[in-house]
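Hi,

Here is the structure I promised you. Have a look at it first, then read my notes below.

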Amino acid sequence: MNAVTADRRHFEDLVVGETINLGSTLVTREMILAFAREFDPLPFHLDEAAAKRSLLGGLASSGWQTAALTLRLLGDGFLSKIASAGGLGFSDLKWKKPVMKGDTIWASATIAELRRSRHHPNWGIVSIDLDVKNQKGQPVMSMRLANLVECREPEAGMQAQPEQPYDVEQGGAT
């Protein structure tokens, strides 16, 4: 067994339908401006007057900032507690409502699917549905992501598995 991940939850410990509360974070004006300056310099992320006149109606976080903040919550609240080897990709990303300055976002992760890698039975793939809401309970973002997780008992996965997206093949995702 891997000494680094021995005390973490492994693939066999995860359950489809399990929901993990990932906690929350306050999105401040300063956070929005700093992220926008570096990564998404659109007027409604950088200039409060321009943002007020925009479709968003005020200073709003970049959707990518919302995703990055959610990833931090996911890492702290779940991925750091399992034998994760990294992400394999994501799908169905939806920004449902802007995250405005002063909003607090809350995230939860639900295990949607578990399966063994076809080519490497020592790895499992967990599909996670992420849901992010603001302090009013309004959905602001959702996505599904796939993560590679170490198996405690690789021999249990020796039965044939159907081919799926995000399968591990010779060191990379297909």
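Is Trp-64 buried, partly exposed or exposed? Trp-64 is partly exposed, with a relative accessible area of 47%. (Buried means under 20% relative accessible area, exposed over 50%, partly exposed in between, with a 1.4 Å probe and protein chains only.)

Some ground rules. This is a predicted model, where local features need pLDDT of at least 70, side-chain atom pairs count only at pLDDT 80 or more, and totals for chains, interfaces and linings use all residues. Residues are numbered from 1 along each chain as its sequence is written, and side-chain values use heavy atoms, leaving out hydrogens and water.

Now the aromatic pairs. The whole structure holds 2 of them. (Ring centres of Phe, Tyr or Trp, the last by its six-membered ring, lie within 6.5 Å; planes under 30 degrees apart are stacked, over 60 edge-to-face, the rest tilted.) Phe-35 and Phe-39 form a tilted pair, 5.0 Å centre to centre with 45° between the planes. Phe-35 is buried at 16%. Phe-39 is exposed at 54%. Trp-64 and Trp-95 have ring centres 5.0 Å apart and planes at 85°, so this pair is edge-to-face. Trp-64 and Trp-95 are 31 residues apart and link distant parts of the chain. Trp-95 is partly exposed at 42%.

Last, Ser-61. Ser-61 is buried, at 6%. Apart from neighbours within four places in sequence, Ser-61 is in contact (heavy atoms within 4.5 Å) with Val-27, Ile-32, His-45, Thr-66 and Val-99.

Best wishes

Terms used:
Helix = DSSP H or I, 4+ residues; strand = E, 2+ residues; numbered from the N terminus.
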